[in-house]
Amino acid sequence: MAKRNILITGGAGFIGSHVVKLFVSKYPDYSIYNLDKLTYAGNLENLRDIEDKPNYKFIHGDICDNALLEENFKKYGFDSVIHLAAESHVDRSIHDPQQFVLTNVIGTLNLLRCAQNWWGNSPGENLFYHISTDEVYGSLGPSGLFSETTPYDPKSPYSASKASSDHFVRAYGNTFNLPILISNCSNNYGPFQFPEKLIPLTINNIIEKKPIPIYGKGENIRDWLYVADHANAIDLVFHKGAIGETYNIGADNEWTNLSLVELICQKMDAKLDRRAGESGGLIQFVTDRAGHDLRYAIDAAKIKTELNWQKSYSFEQGIDLTIDWYLSNHEWLDRVKSGEYRKYYQGMYKDLTQ
Ligand code: NAD
Ligand code: DAU
């Protein structure tokens, strides 16, 4: 296998840490450089398993810092980029959209400019692979699926910033022949997800016997993919994707928020030896998210037929693995909940009756 020098951005976050661990372990001949600013969402503990591997290096830095990017491209000669670093939480984008533009739009543009500067005249084996979201397509009604040709219609500041970054990536492919790839994935869940997102927040609040906040009536629908299946899809797209293409990744696994939370409650009552129905009693309906997208669902036919991708984890397996991981990793959960999380949680969920 050819040697590669791969820059992975955002590798100390949820999905990025799974991708870094996969690449470092599966490809010992590749050098993997993980550049991360370590915001509230970045946590080097996520990478304990591989941090001492000879083919792994951590670079602490901000993708908004052009000089730092130039210095590291020069020093390590990256031949490819897998770009995951982002502000990723919709609720935070409603409270502070500016940071989403800085990281998701300007940060992505900085990386593109840098890659273009370094690879410009001999794109050869290079690749700029941008990790994006299904939210760029907007919101579906009760039927229909997002395909790669669905027009962009982002509806939150987060999805608008991701849509903008996707457009810049395609513009660099078109204008400068930068070898680019994009994938747009549905909702991920699994170990190491920060407990501001629905599934780990629910698990955490059940453990702590705290109210579980459900926005509106809990009727919104998401398609949930186990994070290891997303990491495998990223591996496949990176190695086999056709330059310039977009691949949608999804799980054919739609749940209303209420049914999903109820399922987690039932499972956790059994796992924690609690009375059936005890955790369900924690559910509280709270003010809806502003501009809340009703439904996301993905048509993943292209990646399945062209790249032969399929998910390996059923939802039953994935959700059990996830709950069990959080139950046996109290320390991780306790540490990430200290400090910034407490402040965020108190501000975000002040309506909850404790
Ligand atoms: P996350 O919030 O868990 O992690 C983001 C990481 O990016 C963190 O480690 C953070 O420190 C880092 N980061 C943030 N700003 C940075 C900056 N300016 N410079 C360098 N590093 C910075 O996010 P996630 O859920 O793992 O998502 C990763 C990527 O996948 C994002 O691009 C997101 O849009 C996309 N995505 C996420 C999902 C999902 O369900 N979580 C689904 C589809 C696509
Ligand atoms: O679809 C992919 C996207 O999925 C990613 O691009 C985003 O980075 C990721 O955060 C996720 O966005 P969502 O907004 O769908 O995920 P979240 O876990 O925040 O919310 C899932 C659903 O649950 C959504 O309909 C809002 C609802 N919700 C969420 C929280 C945090 C609640 O009802 N209560 C809550 O407390």
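In this predicted model, the lining of the largest cavity consists of three nonpolar, three polar and five charged residues. The residues in question are Val 90, Glu 135, Lys 155, Ser 156, Arg 222, Arg 289, Ala 290, Gly 291, His 292, Asp 293 and Tyr 296. The volume of this cavity is about 50 Å³, and a search of the whole structure gives one cavity of 30 Å³ or more. Rolling a probe the size of a water molecule over the atoms shows where empty space is left.

Pockets were examined as well. The second largest pocket has a volume of about 270 Å³. Its lining is made up of 15 residues, and those nearest the centre of the pocket are His 95, Tyr 215, Thr 287, Asp 288 and Met 348. By class, this lining divides into seven nonpolar, three polar and five charged residues. Helices α3 (90-95) and α12 each contribute at least two residues to the lining, and α3 provides the largest share, with three.

Side chains of opposite charge can pair when their charged atoms come close. The side chains of Arg 92 and Glu 340 form a salt bridge with an N to O distance of 2.9 Å. Because Arg 92 belongs to helix α3 and Glu 340 to helix α12, this pair ties together parts of the chain that are 248 residues apart in sequence. Arg 92 has a relative accessible area of 12% and is therefore buried, whereas Glu 340, at 37%, is partly exposed. The charged end of Arg 92 also sits over the ring of Tyr 40, 3.5 Å from the ring centre.

In the whole structure, 21 salt bridges were found. One of them links Asp 334 and Lys 337, with the closest N and O atoms 3.8 Å apart. Both residues lie in helix α11 (residues 330-337), where they are three residues apart, or about one turn of the helix. Asp 334 is partly exposed, with a relative accessible area of 45%, while Lys 337 is buried, with a value of 9%. Another salt bridge joins the side chains of Arg 48 and Glu 51 at 3.4 Å, N to O; Glu 51 is partly exposed, its relative accessible area being 33%. Salt bridges also form a network that links Lys 267, Lys 271, Glu 316, Asp 320 and Asp 324.

Aromatic rings were then considered. A pair of aromatic rings is described by the distance of the centres and the angle of the planes. The search of the whole structure finds 26 aromatic pairs. Among them is the edge-to-face pair of Phe 194 and Tyr 341, with 5.6 Å from centre to centre and 80° between the planes. Phe 194 lies in the loop between β7 (187-189) and α6 (198-208), and Tyr 341 lies in helix α12 (residues 340-348), so that the pair links distant parts of the chain, 147 residues apart. Phe 194 and Tyr 341 are both buried. Trp 325 and Trp 332 form an edge-to-face pair too, with centres 5.2 Å apart and planes at 70°. Trp 325 counts as buried because its relative accessibility is 14%, and Trp 332 is buried at 5%.

One aromatic cluster is formed by Tyr 33, Phe 73, Tyr 76, Phe 78 and Trp 119. Elsewhere, the charged end of Lys 210 sits over the ring of Tyr 345, 4.3 Å from the centre of that ring.

Technical notes:
Residues are numbered from 1 along each chain as its sequence is written. Chains are lettered from A and ligands numbered from 1 in the order in which they are written. Side-chain values use heavy atoms; hydrogens and water are left out. Rings of Phe, Tyr and Trp (its six-membered ring) pair if their centres lie within 6.5 Å; planes under 30 degrees apart count as stacked, over 60 as edge-to-face and the rest as tilted. Helices (H or I, at least four residues) and strands (E, at least two) are DSSP runs, numbered from the N terminus. Buried means under 20% relative accessible area, exposed over 50%, partly exposed in between (1.4 Å probe, protein chains only). A charge sits over a ring if NZ of Lys or CZ of Arg is within 6 Å of the ring centre and within 35 degrees of the ring normal. On a 1 Å grid over the protein atoms alone, a cavity is a set of points where a 1.4 Å probe fits but cannot get out, and a pocket is an open set with protein on both sides within 12 Å along at least five of seven lines; lining residues have an atom within 4 Å of a point. Grid points are joined across faces, edges and corners, and a volume is the space filled by probe spheres set on the points. Ala, Val, Leu, Ile, Met, Phe, Trp, Tyr, Cys and Pro count as nonpolar, Asp, Glu, Lys and Arg as charged, and the others, Gly among them, as polar. A salt bridge is a side-chain nitrogen of Lys or Arg within 4 Å of a carboxyl oxygen of Asp or Glu.
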